Amino acid sequence: MSTTISIVTVCLNARDDVQITMDSVLQQKHSEKEYIVVDGGSIDGTQDIIAGCPAVTRWISEHDEGISDAFNKGLELCRGDVIAFLNAGDWYSSEAVSVVAKIFDQEDADVVHGKLAFWKEGQIANVMKGAAEKLELEMSVNHPAVFIRKQAYEEVGGYSKDLVYAMDYDLLLRLKLAGKKFVYADIVLTNMQGGGVSDVKWWKAYNEVRKIKTKHLGRSAQNWLYLLYQITRTGTRRLLERLGAQGVITTWRKFTM
């Protein structure tokens with residue numbers, strides 16, 4: 001029997017973003033899947049879009065205590081073997097779920113992750129690869145392109161409600177430290193537009209990652225030094241982007257990513 005995939009979208013007042021997400025789930029060819037939507041009590045018409053989507057298996061709309069709380073509500077509703085979170089405004093590549101399900105069918109994987117494509121002005125601006133071996137340093141796995149066995153969630157727990165920006169990093173690091181097997185799918189699984197919470201407030205996300213590393217790994221001084229490196233790296237790249245120095249940015253990424 002093929003692996004059953006549970007896909008969860010959490011959203012709030014996402015009327016202008018959620019349709020592309022739902023359409024991408026509807027277009028997935030893998031038949032053994034369910035689609036769950038956790039809405040935070042939208043008042044902009046998002047609920048009408050959810051109710052009218054034939055891909056949605058179950059959905060709720062109620063106040064939550066933040067993104068981690070919404071993620072955990074989604075986990076509680078999932079019945080599949082494998083769980084993935086696809087945020088409003090993000091979308092899967094056409095074969096994403098089929099490719100991932102095949103990997104889970106053939107390999108003893110706990111986590112399958114792949115590439116994440118960032119789009120700008122209608123075209124791909126950058127593709128982020130995944131590298132689970134670097135998780136002890138930074139968020140090197142793309143959460144929107146991650147699929148995790150439900151059993152692994154049950155063993156290490158869900159998302160920490162006291163985290164605001166890097167709750168996904170905390171979860172993935174706990175999975176890694178628990179010895180869970182990560183398998184990399186060398187294709188673009190998920191697409192997204194820039195501008196998410198952790199993208200806009202990147203320096204706060206980096207600092208939260210530092211705190212998580214210190215909690216689970218110790219090495220406080222080393223974590224502070226790596227935070228300074230990350231701020232310098234990302235700040236320089238963003239300055240080059242504003243200056244339109246695309247060639248320099250490409251070279252910069254080769255040596256710093």
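Reader: What share of the contacts in the chain with a separation of 6 or more comes from residues 24 or more positions apart?

Author: A contact means heavy atoms within 4.5 Å. In this chain, residues 24 or more positions apart account for 72% of the contacts with a separation of 6 or more. This is a predicted model, in which local features need pLDDT of at least 70 and side-chain atom pairs count only at pLDDT 80 or more, while totals for chains, interfaces and linings use all residues. Residues are numbered from 1 along each chain as its sequence is written, and side-chain values use heavy atoms, with hydrogens and water left out.

Reader: How many helices and strands does the chain have?

Author: Helices (H or I, at least four residues) and strands (E, at least two) are DSSP runs, numbered from the N terminus. Here there are ten helices and nine strands.

Reader: What percentage of the residues in the chain is buried?

Author: Buried means under 20% relative accessible area, exposed means over 50%, and partly exposed lies in between, with a 1.4 Å probe and protein chains only. Of the 257 residues in this chain, 50% are buried. Accessible areas come from the Shrake-Rupley method with a 1.4 Å probe, and for residues only the protein chains shown count as cover. The chain exposes about 12,600 Å², of which carbon and sulfur atoms supply 52%.

Reader: Which residues of S1 point one way and which the other way?

Author: Ile5, Ile7, Thr9 and Cys11 point one way from S1, whereas Ser6, Val8 and Val10 point the other way. Seven of the seven residues of S1 are buried, so this strand is largely enclosed by the rest of the structure.

Reader: Which strand do seven bridges join to S1?

Author: Two strands pair if DSSP finds at least two bridges between them. Strand S2 (residues 33-39) is joined to S1 by seven bridges, and the two run parallel. Within this pair, Ile7 has Tyr35 of S2 as its bridge partner. The chain gets from S1 to S2 through helix H1 (residues 18-26), in a right-handed β-α-β crossover. A crossover is right-handed if, with the strands pointing away from the viewer, the path from the first strand over the helix to the second runs clockwise. S1 also pairs with S4 in the parallel sense, over four bridges, and Ser6 stands opposite Ile83 in S4.

Reader: Do S4 and S8 pair in the parallel or the antiparallel sense?

Author: S4 and S8 pair in the antiparallel sense, over three bridges. The bridge partner of Ile83 in S8 is Ile148. S6 and S8 also run antiparallel, joined by three bridges, with Val112 opposite Phe147 in S8. From S8, Val146 and Ile148 point one way and Phe147 and Arg149 the other way, and all are buried.

Reader: Is His113 buried or exposed?

Author: His113, which lies in strand S6, is buried, with a relative accessible area of 1%. Apart from residues up to four places away in sequence, the residues that His113 touches include Gly130, Val146, Tyr184 and Leu189.

Reader: Which residues are buried in helix H4?

Author: In H4 (residues 96-106), the buried residues are Ala96, Val97, Val100, Ala101, Ile103 and Phe104. They cover an arc of only 160° around the axis, which puts them on the same side of H4. That arc is taken from the directions from the helix axis to the C-beta atoms. The face turned away from the buried side carries the exposed residues Lys102 and Gln106. Among the elements that the buried residues of H4 pack against are strand S1 (5-11), strand S4 (82-85) and strand S6 (111-120).

Reader: How many residues of H6 are buried?

Author: H6 is mostly covered, with nine of its eleven residues buried. Among them are Met167, Tyr169 and Leu173. The buried residues of H6 pack against several elements, including helix H3 (67-77) and helix H8 (202-217). Just after H6, Gly179 takes a positive phi of about 85°.

Reader: Where is Gly158?

Author: Gly158 is in the loop between helix H5 (150-156) and helix H6 (167-177). It is partly exposed, with a relative accessible area of 27%. The C-alpha atoms of Gly158 and Ser68 are separated by 8.4 Å, although these residues are 90 apart along the chain.

Reader: How many disulfides does a search of the whole structure find?

Author: A disulfide is a pair of cysteine sulfur atoms within 2.5 Å. The search finds zero. Cys11 counts as buried at 8% relative accessibility, and Cys53 is buried at 9%.
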